[in-house]
Amino acid sequence: MMDCRPEQVVYMDNNATTRVAPEVVEAMTPFLSDFYGNPSSMHRFGGQVGAAVRKAREQVAGLLGAEPEEITFTSCGTESDSTAILSALQSFPDKRHVVTTRVEHPAIKNLCEGLDSLTGHKHRVTRLPVADDGTLDLEKYREALSDDTAIVSVMWANNETGVIFPIAEMARIAHEHGILFHTDAVQAVGKIPIDLNKLDVDFLSLSGHKLHAAKGVGALYVRRGTPFVPFLTGGHQERGRRGGTENVASIVGLGVACELAGANMEEENNTVRKLRDRLEEGLLKAVPKSMLNGHKTDRLPNTTNISFEYVEGEAILLHMDRYNICASSGSACTSGSLEPSHVLRAMGVPFTAAHGSIRYSLSTYNTEEEVDFVLEKMPPIIAELRAMSPFWKED
Ligand SMILES: *Cc1c(COP(=O)(O)O)cnc(C)c1O
């Protein structure tokens, strides 16, 4: 059935999705087989399932420095993002301004683009620009805030470049103006320390499958006392904040994934960062006309985004696929024309470089042997493609 076995694959696409940790699979399995009760049921058979969901809520809260009742389980990061923004707009119907950035994930980007048709009201959206290295200008941020602003939504870490934004400071500034602050922390949770106790963040989105839990489960943190309007109304699940019978097995797995991430974060980050740096330095050295996209240090430890000039990212990926090396490209072939990603365009990466960008995103399951394998295969792939390019000139 499957023609690409996991043991053959060099998986460096962890910002797209991650392997479910074996510990997570083990924790989920009983809730896919024997313990199928409904957590809302009155009987003990359901009640014990409810207890497992409660434990998971504590585990998620524990990783974030939050209280369990501040965590609402959702179906994914996208749902958490939509819930936060739409809740803020419904809580403050007179405020029709949203502040965000030019480099958000489509979950926020496309939501903001469609706000008017979604809500039936006219909104103003300010999209903050970024510098060449993908960082934000806080002066421009301050200037963007107004009496009319209902919510600020800024991602914690960028999925394409790994660049980290100064969320603590940005949330503080929002609160100085009495404005709610949301962060899409899908790429940050489990990779860098987060302590919401100490922050002015009102909403935070996370997604299970980006931190070694299953696909189709996420969570939204809502600070205690923050006005809230549900996105999915229905039963009384999640204390009325999100109707729908809980995805119990995945929620239990998310709890375990959060606990694992918290316990191993520092050590894992050191090993992952070393592998990432080895890969990055090796590629930049071995391939002429290659460059790093994104700030060198204000960055997730697992991500490197490198442009190989005068080649197409999708062609590179196809050649990498021959060796079962999995990564992502910063250009997507939409309706026949190659369009560089909005993130790289916002950073002003020249077209010749944006087209040939590859994102390698590592995890704790990668090895030094895998990095060396990629370092061996990449330079000839790029050379081969450049030899066919009419624009490439060796100098
Ligand atoms: C993956 C991702 C999302 C979407 O999460 P899903 O669970 O796939 O809906 C949102 N934001 C960022 C930054 C992401 O990387």
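1. Ser-87 touches Ser-82, Phe-203, Pro-227, Phe-228 and Val-229, leaving aside residues up to four places away in sequence. The model is a predicted one. Ser-87 belongs to helix α3, residues 77–91. With a relative accessible area of 1%, Ser-87 is buried, because the cut-off for buried is under 20%.

2. Aromatic pairs come next. The structure has four of them. In one of these, Tyr-36 and Phe-45, the ring centres are 5.0 Å apart and the planes make 70 degrees, so the pair is edge-to-face; the cut-off for that class is over 60 degrees. Tyr-36 has 64% relative accessibility and therefore counts as exposed. Phe-45, at 32%, counts as partly exposed.

3. Tyr-310 and Trp-392 form another aromatic pair, a tilted one, with 5.9 Å from centre to centre and 55 degrees between the planes. This pair connects distant parts of the chain, 82 residues apart. Tyr-310 is in the loop between β10 (303–308) and α9 (313–321), while Trp-392 is in the segment after α12 (368–387).

4. Two arginines lie over aromatic faces. Arg-386 is placed over the face of Trp-392, at 4.1 Å from the ring centre. Trp-392 thus has a part both in this contact and in the tilted pair with Tyr-310. Arg-19 lies over the face of Tyr-365, with 4.5 Å to the ring centre.

5. Now the sheet. It is open and is built from four strands in the order β9-β10-β15-β12, with antiparallel pairing. Which strands stand at the edges? They are β9 (290–292) and β12 (328–329); each has a single partner strand, so one side of each is left without a neighbour in the sheet.

6. Within the sheet, β10 and β15 (residues 357–361) run antiparallel and are joined by five bridges. Ser-307 stands opposite Ser-357, which is in β15. Helix α8, residues 248–286, packs on this sheet and touches β9, β10 and β15. The direction of α8 makes about 10 degrees with that of β10.

7. One is β10, which is joined to β15 by five bridges and touched by α8.

Notes:
Residues numbered from 1 in each chain as written. Predicted model: local features only at pLDDT ≥ 70, side-chain atom pairs only at ≥ 80, totals over all residues. Heavy atoms only, no water. Phe/Tyr/Trp six-rings, centres within 6.5 Å; stacked < 30°, edge-to-face > 60°. Buried < 20%, exposed > 50% of the residue type's maximum accessible area, 1.4 Å probe, protein only. Helix = DSSP H or I, 4+ residues; strand = E, 2+ residues; numbered from the N terminus. Lys NZ or Arg CZ within 6 Å of the ring centre and 35° of its normal. Pairing = 2+ DSSP bridges. Contact = heavy atoms within 4.5 Å. Axes fitted to C-alpha atoms, helices over the stretch in contact; angles between N-to-C directions.
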